[in-house]
Amino acid sequence: MYKIIKKKELNPTVTLMEIDAPLVAKKAEPGQFIILRVDDEGERIPLTVADFDREAGTVTIIFQIVGSTTEKLNHLNESDEIKDFVGPLGVPTHTEGFKKVAVVGGGVGCAIAYPVAKKLHNSGCEVHSVVGFRNKDLFILEDEFKAVSDKYVVMTDDGSKGEKGLVTDALKKLIESGEKYDEVIAIGPLVMMKFVCRLTKEYDIKTMVSMNPIMIDGTGMCGGCRLTVGGETKFACVDGPDFDGHLVDFDEAIERSNMYKDFERQRYDETCNLFKNMERSV
Amino acid sequence: MPNMSLKKNEMPSQAPDVRNKNFKEVTLGYTKDQAIDEANRCLNCKNKPCVGGCPVAIDIPEFIAKIREEDFEGAYQIISKSSSLPAVCGRVCPQETQCESKCVRGIKGEPVAIGRLERFVADYHMNNCKEEPKKPEQNGHRVAIIGAGPSGLTCAGDLARLGYEVTVYEALHLAGGVLVYGIPEFRLPKAIVQKEIKNLEAMGVKIMTNTVVGKTISVDELFGMGYEAVFIGSGAGLPRFMRIPGENLKGVYSANEYLTRVNLMKAYKKDSDTPIHNSKSVAVVGGGNVAMDAARSAKRLGAENVYIVYRRSMNELPARAEEVEHAEEEGIIFKTLNNPVEILGDEHKFVKGIKCIEMELGEPDDSGRRRPIPKEGSEFILDVDCVVMAIGTSPNPLIRNTTEGLETNKHGCFVVEEETGKTSREGIYAGGDAVTGAATVILAMGAGKDAAKSIDEYIKSK
């Protein structure tokens, strides 16, 4: 069992938790992920490591409430326990040897982009962070990003904060203004990563993306997380989750990610109703 | 006077048409009378050829003699001297190619049903003996085992019996390896696996789940933690695909994923949070035991048509005869001498069919089996909405990539000395699928057993 040390609501649909998992904390690096199971009937879901504290032995996860499992997870509180928590899995994000990198984060993807930006910053790299959200109410990790970024550009779909537009608009502006990036690291919704890659391809800037496909074991056994990269089948759990974005078949990945959409929707509604009824009876 | 019937006592089973709609165990096990009657078929040969066919060398005639005497607990004690998981082996061992293939009674008629008797004895013990095994006296030495599957658990059990303090590191949330994620409930009830594991724990074996060696901790760190030897039984690894168009369509699974969803994650139960594609027609590609497990699971999940697509003929199917027979009885359709060339998708990228080509058998190839050759122009489409690829696995890279000096072969399997399981690094032993590639439970157990013996010799000689 893995204890929840801290819980913080970052916005109405995104929650941060610090989990007591000393062995995972000892090894975790930005870009890696964990797999958790809330309870005995639960499914295994992968979540990318948002931060870690080797001394305190804690691992931070940040998740958006999108389905039954994240809904259940969000109903747990500090000092409650999670049944299973295993990691760190996957290959850490490559952050060495860069002079200037643009880190592009979209929505809850910023939770994963942040530790990468931090590590780059700490290694002496100039970091330009471009973050995008639907609106100002969904913002997360603003102070954290600012602290590790030499430039911090904010985009919202509705213009309620920063500039109105997409992260690709901001990135294009930066590139057009003469910024020379060794690499772009894009982490967010698949569609966002696809379009960031389309843009950077035009300028021939190497772009790494963090893929988050459906997984079960996460250790190289089930093959459910496979995707096509440069025409070859790769497994996100052991070969990734970071891949060269110019080689990733995003359209296939988008299709595969919605394989269980109907089941997930139904199960989510059931879970929400269950919690509502419980609250009513209390 | 021995029972000279040429036939084995038949195994009571659920009727095919009933069992293909539920996940309960197919075979029900012998009654006491059936077991004694079958035990009476054993001639108690002096030279015990059957024992030579058993990878863990159970003293078969002796345990059968105990059954004859109606001392079922005594029979169990004899089996458990050699086997850590008797209730499992009695169910999933390919006895027809091992112990039973050496049985003298098999020369004229059917061999003694050794597997069924083993299962009877193990089940008798589980149902009647409430006493937990005692923790043996400790010898003060510590050994780490990687992977709580058949080889790791066997190695752990044997070492614990010798007094070692054994810790098993398991990547998944549950111990058992392929016994819990791969082999279906209807062939091996998970409650039985858990009881066998409980017995090991009572003997002092510690099991640490959620620990991925190669990620959470490294093999070298294990030595740093004070373990004097390490056994790697990390299992089969990544699923293979055919590299044909359409393999990443929605509704295409590896057998590992399909079976893990069903067995480990219990997707067949209504209240499971883990989904599985609701399919009307399923094509399982491959002809091994895993393919049979996947096909029979698909049928039980409600698929109307389930096909086994296999490129050679019925005679070359690598699956156990009993599994093939059960699958046929349950209505699985065998499309042998067919090979998939493409998986077809609909406008939403869900599987809608599999294009196959007919095959014929040519001259024998390196494996000694006749090589399948495509018949030109014979392509046809099988209407299916789900495809399961059961064509094998390639070894997991996590340990070999993080442990220096461990020799692997060109397939990525660990290279070991066959008799001892010794790897190229002192104190590190390996066995099971991580060494052989996908094989059977009992071969993995045999390797775990051999390694336990050589680990004991190694530590004592230090």
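**Close-up 1. P88(A) sits in strand β7 of chain A, residues 84–89.** The peptide bond between G87(A) and P88(A) is cis, with omega at about -5°. Strands are DSSP runs of E with at least two residues, helices are runs of H or I with at least four residues, and both are numbered from the N terminus. The model is predicted: local features need pLDDT of at least 70, side-chain atom pairs count only at pLDDT 80 or more, and totals for chains, interfaces and linings use all residues. Residues are numbered from 1 along each chain as its sequence is written, chains are lettered from A and ligands numbered from 1 in the order in which they are written, and side-chain values use heavy atoms, with hydrogens and water left out.

**Close-up 2. A cis peptide bond links G240(A) to P241(A).** Omega is about 10° for this bond. P241(A) belongs to the loop between α7 (236–239) and β16 (242–244) of chain A.

**Close-up 3. Helices α5 and α6 of chain A cross at roughly 20°.** Helix α5 covers residues 167–176, and helix α6 covers residues 190–203. Their axes come within 10 Å. Axes are lines fitted to C-alpha atoms, for helices over the stretch in contact, and angles run from 0 to 180 degrees between N-to-C directions. The angle makes α5(A) roughly parallel to α6(A). Angles under 35 degrees count as roughly parallel, over 145 as roughly antiparallel, 65 to 115 as roughly perpendicular and the rest as oblique. The crossing of α5(A) past α6(A) is right-handed. A crossing is right-handed if the near helix is turned clockwise from the far one by less than a right angle, and left-handed if anticlockwise. From α5(A), the contact takes V167(A), T168(A), L171(A), K172(A), I175(A) and E176(A). From α6(A), M192(A), F195(A), V196(A), L199(A), T200(A) and Y203(A) take part. Contact means heavy atoms within 4.5 Å. The contact of α5(A) with α6(A) has eight nonpolar, two polar and two charged residues. Ala, Val, Leu, Ile, Met, Phe, Trp, Tyr, Cys and Pro count as nonpolar, Asp, Glu, Lys and Arg as charged, and the others, Gly among them, as polar.

**Close-up 4. Helix α6(A) has 14 residues, and its end C-alpha atoms lie 20 Å apart.** At 1.5 Å a residue, α6(A) should span 20 Å, so the two values agree. The expected span is 1.5 Å times one less than the number of residues. Buried residues of α6(A) are L190(A), M192(A), M193(A), K194(A), V196(A), C197(A), L199(A) and T200(A). Buried means under 20% relative accessible area, exposed over 50%, and partly exposed in between (1.4 Å probe, protein chains only). These buried residues pack against β8 (100–106), α5, β12 (183–187), β13 (207–210) and α8 (250–257) of chain A. D204(A) follows α6(A) and has a positive phi, near 60°.

**Close-up 5. Helices α2 and α4 of chain B pack at an angle of about 130°.** Helix α2 spans residues 32–39, helix α4 spans residues 60–68, and their axes are 8 Å apart. The angle makes α2(B) oblique to α4(B). Their crossing is left-handed. A35(B), I36(B) and A39(B) of α2(B) meet I64(B), I67(B) and R68(B) of α4(B). By class, the contact of α2(B) with α4(B) has five nonpolar, no polar and one charged residue.

Close-up 6. N210(B) lies in the loop between β3 (206–208) and α11 (219–224) of chain B. N210(B) is buried, at 6% relative accessibility. R243(B) lies in the loop between β5 (238–239) and β6 (252–254) of chain B. R243(B) is exposed, at 79% relative accessible area.

**Close-up 7. S254(B) is buried, at 0% relative accessibility.** This serine is part of strand β6 of chain B. Leaving aside neighbours within four places in sequence, S254(B) contacts C222(A), P239(B), F241(B), V388(B) and M389(B). Y310(B) is 56 residues from S254(B) along the chain, and their C-alpha atoms are separated by 15 Å.

**Close-up 8. I197(B) lies in helix α10 of chain B, residues 190–202.** I197(B) is buried, with a relative accessible area of 3%. Not counting residues up to four places away in sequence, I197(B) touches L153(B), A175(B), G176(B) and I207(B).
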